[in-house]
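Work through the exercises below with the structure open. Each has a task sentence followed by a solution in steps.

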2 protein chains.
Amino acid sequence: MSTPLVPAAELPRPEGAASFSPLYRQIKSLLIARLQAGEWKAGEAIPSELELAARFGVSQGTVRKAIDEMAAENLLVRRQGKGTFVATHAEEKIQYRFLRLVPDEGSEALGRQLLDCRRQRAPAWIAKALQMRAGDAMVEVRRLLHSKGVPVVLDDIWLPGQLFKGLTAERLAQHRGPFYGLFEAEFGVHMIRAEEKIRAVAADADSAALLQVPVGTPLLSVERLSFTYGDRPVELRRGLYNTSTHFYRNELN
Amino acid sequence: MSTPLVPAAELPRPEGAASFSPLYRQIKSLLIARLQAGEWKAGEAIPSELELAARFGVSQGTVRKAIDEMAAENLLVRRQGKGTFVATHAEEKIQYRFLRLVPDEGSEALGRQLLDCRRQRAPAWIAKALQMRAGDAMVEVRRLLHSKGVPVVLDDIWLPGQLFKGLTAERLAQHRGPFYGLFEAEFGVHMIRAEEKIRAVAADADSAALLQVPVGTPLLSVERLSFTYGDRPVELRRGLYNTSTHFYRNELN
DNA sequence: AAGTGGTCTAGACCACTCT
DNA sequence: GAGTGGTCTAGACCACTTG
């Protein structure tokens, strides 16, 4: 181990320096680094608390606290009696973890229709959001989500070409379940957090046609930037939601 | 104490009954009940962990875990060296805790303009949301929020008349800071959680005039139901946001 | 210096899952 | 029964705030 673990109390504290991390946070960082390195894949179990405690030379309680935080951040999932597992978007049976769209009535699953998938050069504004250089390779995906046959969401998705090398329309079309499950399994990219900017906009000719609404219809514009470990942005997405039969649900705390 | 605390292990477990709470959750419930009873007011300190532990006859660690959860839910705020305090909307200097509206540029404070405040009888749909009976007393408030002199948000707010007895236009107009601060201080009503339903809608004549936009302009409709302790709904609010210079920011985890 | 929350330990025992 | 996470305890010491 290149960076030996030390209790916060024994850490050097230069005058005016930023405060140092307690032990459990150091362990959390080590665990995140291992997740990032792909040591354990999505859905797999990580070692038990006792084993990790022994490995790191700390008490079980300290490991517990590290894992507690990671579970609270949805990086890990604890299952009593079974173990602790790497969180995944693939098995969320209820719904897509990041999709806040709810039907006014009922709860039917959404149908998907892939419209387009091609590799492009990133324009400046996308490159900036994804922390790439303008002109870098980028994958662009366009798709529709249907509810009872009626189009409800038009998504444009932009991904760094670098990370998603073998991504093709066929691959996307074959796949069942959320894209994020595919991204984890095929490309080792875990979406762990996202920021959304939401606005009301008027449907333009293009989106109106695809969503089968009159031009000018108010639509919810949801611009999502998704992050993987280490706060690295790895997906930009703009969804246009027809909110005549669905709404965006949010919880405030 | 009418309900003696017992470790989960010693609790009776009738066949097929719901699982019982661990000790720290029982303590959490007791603390919430005391908050609800107004034993400590918003912004005040609650007793120290050691004192609570002694009072409840448990270890400090158990009290800590109860408080940890409550802090995570924004019911309490811990301050090292000082104590643990009842969370409040009054002193949030940065911004209104439940308002997710962010300007595209800059970060100016929002100006407020009270349009109306009157007591009414609750129509059925509001009564239902607030778990009252149709026709029960209700306070209706209408106001605008401005950014740099331009109206950005039109809010309609409905409150149970029962809980907000002395609420008048004058009282609201005098008050500085978020309404929720006033509600805490004057009426002992703490908003601790809220659910929002968000849609894109077209401005009607009324709202278009007040927001100074053309009729038909896409607006963000934000319907918020706020809850106090014990998941009791105590406020319904519908905001219409002009998102031409601002957006609704959300974080997904 | 005293009092508060924050970290860390060690150990006991419980609840759940799988074999 | 063995192994996992979950609860609870008791005690030591640290970090921060206030008098």
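## Exercise 1: A salt bridge across a loop

Glu91(A) is partly exposed, its relative accessible area being 44%. This is a predicted model.

Task: Which residue forms a salt bridge with Glu91(A), and where do the two partners lie?

Solution. 

1. The partner is Arg79(A), with the closest N and O atoms 3.0 Å apart.
2. Arg79(A) lies in strand 2 of chain A, while Glu91(A) sits in the loop between strand 3 (83-86) and strand 4 (101-103) of that chain. The pair is 12 residues apart and links distant parts of the chain.
3. Arg79(A) has a relative accessibility of 28%; buried would need under 20% and exposed over 50%, so Arg79(A) counts as partly exposed.
4. Over all chains, the structure holds 48 salt bridges.

## Exercise 2: The faces of a helix

Task: Which residues of helix 2 of chain A are buried, and what do they pack against?

Solution. 

1. Helix 2 covers residues 49-56 of chain A, and its buried residues are Glu49(A), Leu52(A), Ala53(A) and Phe56(A).
2. Viewed down the helix axis, these buried residues fall within an arc of 100°, so they line one face of helix 2.
3. On the face turned away from the buried side are the exposed residues Leu50(A) and Ala54(A).
4. The buried residues pack against helix 1 (23-36), strand 1 (45-46), helix 3 (60-72) and strand 2 (76-79) of chain A.
5. After helix 2 comes Gly57(A), with a positive phi near 70°.

## Exercise 3: A charged residue in the buried set

Task: Is Glu49(A) buried or exposed, and what does its side chain make a polar contact with?

Solution. 

1. Glu49(A) belongs to helix 2 of chain A.
2. Its relative accessibility is 12%, so Glu49(A) counts as buried.
3. The side chain of Glu49(A) makes a polar contact with the side chain of Arg64(A) at 2.8 Å.
4. With neighbours within four places in sequence left aside, the residues in contact with Glu49(A) are Gln60(A), Val63(A), Arg64(A), Ile67(A) and Arg78(A).

## Exercise 4: Two copies and their interface

Task: How are chain A and chain B related, and what is the area buried between them?

Solution. 

1. The same surface serves both copies, since 100% of the contact residues of chain B recur in chain A.
2. In the interface, 30 residues of chain B are in contact with 30 residues of chain A. The buried area is about 2,700 Å², and carbon and sulfur atoms give 49% of this.
3. Arg199(B), Leu252(B) and Asn253(B) supply 26% of the area that chain B buries against chain A, more than any other three residues.
4. Between the chains there are four salt bridges, one of them joining Arg249(A) and Glu195(B) (3.4 Å, N to O). There are also 21 residue pairs in polar contact.
5. Strand 8 (193-202), strand 9 (218-228) and strand 11 (246-252) of chain B each supply at least two residues of the side that touches chain A. Strand 8 of chain B gives the most, with 10 residues.

Methods: Residues numbered from 1 in each chain as written. Chains lettered and ligands numbered in written order. Predicted model: local features only at pLDDT ≥ 70, side-chain atom pairs only at ≥ 80, totals over all residues. Heavy atoms only, no water. Buried < 20%, exposed > 50% of the residue type's maximum accessible area, 1.4 Å probe, protein only. Helix = DSSP H or I, 4+ residues; strand = E, 2+ residues; numbered from the N terminus. Arc of directions from axis to C-beta. Contact = heavy atoms within 4.5 Å. Polar contact = N/O pair within 3.5 Å; in protein donor to acceptor, adjacent residues only side chain to side chain. Buried area = accessible area lost by both parts, 1.4 Å probe. Salt bridge = Lys/Arg side-chain N within 4 Å of Asp/Glu carboxyl O.
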